[in-house]
Amino acid sequence: MLADVCRLVLLLSLVVFTVTTQAATGSNESNKFVPTHEWQEIKEGQSIPEGLHVRINLTSGKKEAKLLDKESDGTDSSSLSMVPGEEVKDHQVAGTSASDPETAGVMDLEAIKEALKNIPSNEYEEETNEESGRARFKSYEQIKQELKDANVELKSDSEIMTDLFGRFDEALRKSSATERQELDALFEDLEYLAHQIDNALQFIDRGGVEKIIWPSINRTEDSVTRTKALRLLGTVIQNNPKAKVALIERNGGSNLIVALGRASTTDELSAALYAFGSLVRKFPFAQKQLLTPHGYSVLYGVWEKKVELKVKVKVLQLIADVLEDYHSATDKAGKSDPTTAEQYRSTKLTDGLERTEFCKHAGEFFHQQKAALIPEDNLTDDTVKALKVCKQLCHESWSQCPLFRHTLLVLRNNLDHRLDDDSELVVYRQEIKRSIDELIVDLYGQPKDEL
């Protein structure tokens with residue numbers, strides 16, 4: 001549409017120019033333009049004969065003309081041009097003749113004006129009131145109804161959760177095979193919803209902890225359901241301060257300690273540690289309640305259970321994470337506000353670790369798992385990093401323990417011997433080896449190359 005307007009406006013300008021030129025021809029015969037095959041400027045008041053190639057030079061702004069070239073198509077890349085008496089014929093008003101030089105240009109001008117009137121304007125109108133604005137959009141209920149009519153059901157997260165809650169009790173009453181399949185699907189859907197903070201809080205407000213978590217955790221003969229319930233609980237409270245507070249108010253801490261002490265399989269222990277860690281990390285109030293002599297005893301007891309090494313390493317990582325947060329919050333040079341610092345000091349974390357002989361238990365665990373750690377680069381890396389966090393607390397104990405030093409040297413030398421076994425792991429193993437060297441220097445003054 002814009003291109004059509006531009007062409008019409010250009011044509012209007014050139015027609016006016018043509019009419020003016022033709023009028024000047026009769027009044028100034030003595031000042032005629034002598035055309036050639038080269039472009040020449042048309043002087044003010046100078047008349048030109050018909051059939052010339054006329055243009056307006058866009059660079060100079062002057063009118064120019066020349067004789068038509070037979071091989072030329074009448075176009076020019078640097079200017080706008082037309083041939084008077086040719087293009088204008090297409091825009092005549094019905095009932096007029098282009099052969100009449102006195103009226104042709106004027107009538108064509110009128111035709112152009114009429115064409116301009118017929119150009120449609122924008123038909124978009126701005127909404128000026130709230131009612132008309134609402135009328136343009138469908139409501140949520142309208143959309144739901146239309147989808148329902150089309151056999152497509154649209155539900156919000158809240159509605160889905162309500163449906164899952166209702167199906168849970170029914171699933172528990174079914175036969176074992178059907179129940180297992182239904183419960184697995186319910187836990188999966190609830191865990192997916194609980195990743196969102198608002199949904200997690202809604203889960204707690206609707207009684208999900210009392211109706212789903214605790215009954216599932218207390219199913220003594222069903223380790224699979226206990227595992228899924230603990231994972232769901234960890235998802236609900238992870239990085240969710242309000243959910244953590246709500247769980248503590250529902251006696252969640254003591255129930256988690258019981259679940260952690262009772263778990264005996266790798267999957268269930270992993271899920272219990274996930275839930276326990278989600279509750280105590282960055283939450284000094286929960287640490288004060290749960291990291292007691294009994295709580296530490298349950299955690300250290302995991303190191304004695306017959307489960308996979310990765311679960312045992314998680315215990316060391318959990319304590320290292322809590323200890324790191326404590327030092328960061330209570331460090332006088334840190335940026336924690338006084339209230340947060342006081343909350344962490346009230347946990348007396350370091351005193352509790354010392355009274356329960358954490359350094360001794362951690363050192364024994366490290367030495368006992370020496371053979372299992374050697375082929376496991378990832379677990380070795382995680383273990384050494386956790387030990388480095390705890391070295392300030394345990395420096396005296398570990399620096400005087402020959403077994404601890406021996407374990408560090410064994411891991412370091414084995415890494416050194418295996419550096420070239422896998423080209424893709426060379427850099428990673430070098431980093432682990434460097435981390436072990438740093439711990440050796442901190443504890444014993446200098447690294448040893450040989451046992």
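**Entry 1**

I started at Asn 251, which is found in the loop between H10 and H11. I note at once that I am looking at a predicted model. I looked up the backbone of Asn 251 and found a positive phi of about 65°, although the residue is not a glycine. I remind myself that most residues other than glycine have a negative phi. Is Asn 251 buried or exposed, or something in between? Its relative accessible area is 46%, so I log Asn 251 as partly exposed.

**Entry 1: another positive phi**

I looked up Glu 357 next, in the loop between helix H17 (349-355) and H18. Its phi is positive too, near 55°, and this residue is also something other than glycine. With a relative accessible area of 43%, Glu 357 is partly exposed.

**Entry 2: the whole chain**

I stepped back for an overview. I count 22 helices and four strands in the chain. Of its 451 residues, 39% are buried. The chain exposes about 26000 Å², and carbon and sulfur atoms supply 50% of that. For contacts with a separation of 6 or more, I note that 63% join residues 24 or more positions apart.

**Entry 3: the cores**

Nonpolar side chains in soluble globular proteins tend to be buried together, and I wanted to see how this chain does it. Its largest nonpolar core has 93 residues. Which of them touch the most other members? I get Phe 203, Phe 276 and Phe 358. Helix H15 (residues 309-330) gives the most to this core, with 12 residues. Apart from this core lies another, of six residues, and I list Ile 42, Ile 48, Leu 52 and Val 54 among them.

I opened up the surroundings of Phe 203. Leaving out residues up to four places away in sequence, Phe 203 touches Met 161, Phe 165, Leu 190, Gly 208, Val 209, Ile 212, Ile 213, Leu 232 and Val 236.

**Entry 4: rings**

Taking ring centres within 6.5 Å as a pair, I count nine aromatic pairs. How do the rings of Phe 165 and Phe 203 meet? Their centres are 5.6 Å apart and their planes stand at 75°; edge-to-face counts as over 60 degrees, so the pair is edge-to-face. Phe 165 belongs to helix H5 (residues 157-172) and Phe 203 to helix H7 (residues 197-205), so I have a link between distant parts of the chain, 38 residues apart. I checked burial for both: Phe 165 is buried, and Phe 203 is buried as well.

Tyr 300 and Trp 303 make a stacked pair, 5.7 Å centre to centre with 10° between the planes. Tyr 300 has a relative accessible area of 7% and Trp 303 has 4%; buried means under 20%, so I log both as buried. I also see this pair in a cluster, where ring pairs link Tyr 296, Tyr 300, Trp 303, Phe 358 and Phe 365. Phe 358 was already in my notes on the largest core, as one of the residues that touch the most other members.

**Entry 5: helix H21**

I tested the length of helix H21 (residues 402-417). At 1.5 Å a residue, its 16 residues should span 22 Å, and the end C-alpha atoms are 22 Å apart, so the two agree. Which residues of H21 are buried? I wrote down Phe 404, Thr 407, Leu 408, Leu 409, Val 410, Leu 411, Arg 412, Asn 413 and Leu 415. Their cover includes helix H18 (358-368), helix H19 (370-373), helix H20 (377-399) and helix H22 (426-444).

**Entry 6: two last look-ups**

Lys 385 is found in helix H20 and, at 48% relative accessibility, counts as partly exposed. C-alpha to C-alpha, I get 9.9 Å between Lys 385 and Leu 316, which are 69 residues apart in sequence.

Trp 39 lies in the loop between helix H1 (2-27) and strand S1 (40-41). Its relative accessible area of 23% makes Trp 39 partly exposed. His 53 is 14 residues away from Trp 39 in sequence, and their C-alpha atoms are 8.9 Å apart.

Conventions: Residues numbered from 1 in each chain as written. Predicted model: local features only at pLDDT ≥ 70, side-chain atom pairs only at ≥ 80, totals over all residues. Heavy atoms only, no water. Phe/Tyr/Trp six-rings, centres within 6.5 Å; stacked < 30°, edge-to-face > 60°. Helix = DSSP H or I, 4+ residues; strand = E, 2+ residues; numbered from the N terminus. Buried < 20%, exposed > 50% of the residue type's maximum accessible area, 1.4 Å probe, protein only. Expected span 1.5 Å × (residues − 1). Contact = heavy atoms within 4.5 Å. Areas by Shrake-Rupley, 256 points an atom, 1.4 Å probe, with all protein chains shown as cover. Core = buried A, V, L, I, M, F, W, Y, C linked by side-chain atoms within 4.5 Å.
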